[in-house]
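Work through the exercises below with the sequence and the structure side by side, and try each task before reading its solution.

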Amino acid sequence: MKIAVLGYGGVAQAFCKYIDERDEEFEIKYILRRPGKATEPRMIEDINQILTDNEIMIVVDLLGGLDASYQYMRQALAARKHVVTANKAALCYGFEELTTLADKGRLQLRYEATCGGTVPIVAELISLSRCNEIDSVFGILNGTTNFILYKMFKERAEFSDMLKEAQRLGYAEADPTSDIGGFDVSNKISILSASAYRGYITKQFPVYGMDKITKRLMDGFAVTGKTIKYMGVSKRCGNRYALGVVPVVVNAGSIEANVPLNYNMGIIHGDNCGDIKLYGQGAGGRPTADAVVRDCHTVKETINVVPDYIFTNDLVYDPDLLTGTGYVGQEAIHGSLEHLVAIAKDREVALAFEIDGYIN
Ligand code: HSE
């Protein structure tokens with residue numbers, strides 16, 4: 001099957017290397033690169049060459065940024081290409097439009113690599129949602145921030161030193177404020193919530209960065225047998241749901257607390273399956289590229305099957321579903337996450353959230 005790759009960053013290079021060397025089921029006919037960057041004959045600069053080539057079955061979007069990736073995905077679906085993407089910002093931005101285009105065209109839009117790197121959380125959510133009412137999805141969904149917090153927790157390292165190290169290791173976004181400020185996780189928890197609850201999700205929900213977490217704060221929680229993980233959190237009850245992004249207080253001996261380095265964890269609760277915790281590398285070229293390869297195989301294997309994921313507009317955002325105790329600076333306040341984030345933003349202090357009913 002002939003495919004085209006958009007972009008040639010770390011994930012794209014790992015993807016192309018894997019396909020070229022180890023996967024005979026796909027042939028990369030084109031790699032779209034910025035003008036002047038081509039270093040081999042299949043590298044091209046014009047997206048139209050891909051869109052008008054009837055041999056291309058899958059467009060694999062591995063671009064960073066937002067606008068070009070979103071536009072190319074729209075154009076690819078309109079040109080009747082299946083799409084596999086790793087770009088969470090672009091997918092989240094155009095989620096309703098892109099999934100509608102895919103649905104109407106009976107095309108596949110696969111996006112495992114957008115959330116949790118190699119962790120098969122999207123596939124699992126889609127599968128579980130066939131036979132469960134999924135009532136929560138929590139996740140450590142950012143390798144950069146997990147790396148920083150883990151090093152602060154285990155080695156008492158300093159925030160700024162660990163951010164530099166995460167950048168050096170290639171985990172952080174081009175602009176790491178997207179990681180530490182929560183934009184990256186907000187895209188991921190939004191995509192996961194939509195996939196779990198099969199509905200479109202509001203773009204207005206509470207997001208609190210982890211940049212105010214200090215070694216001193218972590219040490220304070222350590223004395224009480226707890227630590228902090230940066231998480232996307234989402235709950236559903238019937239057609240109501242709530243979600244957010246926040247530093248979460250967990251028990252120091254829990255699996256969550258001990259998710260190391262660039263690893264991520266997806267924590268799903270369904271009414272039949274109970275708790276499922278999925279764990280693996282959440283950032284980095286090779287692990288993320290592996291999720292892209294799996295999506296390409298899923299498209300190929302199910303190319304003549306109408307995708308079974310449909311999304312509705314029936315969900316209602318209800319912030320009261322996510323309540324807990326917020327440690328806002330020196331004070332412990334009980335309330336909804338939305339309320340606590342508003343207070344912490346107003347006071348410009350660190351917020352750590354202990355979620356009601358979350359056992360770890
Ligand atoms: N910057 C992201 C992270 C890359 O650190 O998790 C993977 O989405």
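Predicted model: local features only at pLDDT ≥ 70, side-chain atom pairs only at ≥ 80, totals over all residues.

**Exercise 1.** Find polar contacts of the ligand, using the cut-off of 3.5 Å between N or O atoms.

*Solution.* Take the oxygen side first: an oxygen atom of the ligand lies 2.6 Å from a polar side-chain atom of Thr144. Then turn to nitrogen, where a polar backbone atom of Tyr171 is 2.7 Å from a nitrogen atom of the ligand, and where an N or O atom in the side chain of Asp179 is 2.8 Å from a nitrogen atom of the ligand. Finally, consider the cover: of the 260 Å² of accessible area that the ligand has on its own, the protein covers 91%, and the space that the ligand takes is the largest pocket.

**Exercise 2.** Describe the aromatic pair of Phe221 and Tyr327.

*Solution.* The count of aromatic pairs comes to ten. In the pair of Phe221 and Tyr327, the rings are 5.5 Å apart centre to centre with 85° between the planes, and this is edge-to-face, because planes over 60 degrees apart count as such. The pair links distant parts of the chain, 106 residues apart, with Phe221 in helix α11 (residues 215-223) and Tyr327 in strand β13 (residues 323-328).

Conventions: Residues numbered from 1 in each chain as written. Heavy atoms only, no water. Polar contact = N/O pair within 3.5 Å; in protein donor to acceptor, adjacent residues only side chain to side chain. Areas by Shrake-Rupley, 256 points an atom, 1.4 Å probe, with all protein chains shown as cover. 1 Å grid on protein atoms, 1.4 Å probe; cavity = no way out; pocket = protein on both sides within 12 Å on 5 of 7 lines; lining within 4 Å. Sits in = over half its atoms within 2 Å of the grid points. Phe/Tyr/Trp six-rings, centres within 6.5 Å; stacked < 30°, edge-to-face > 60°. Helix = DSSP H or I, 4+ residues; strand = E, 2+ residues; numbered from the N terminus.
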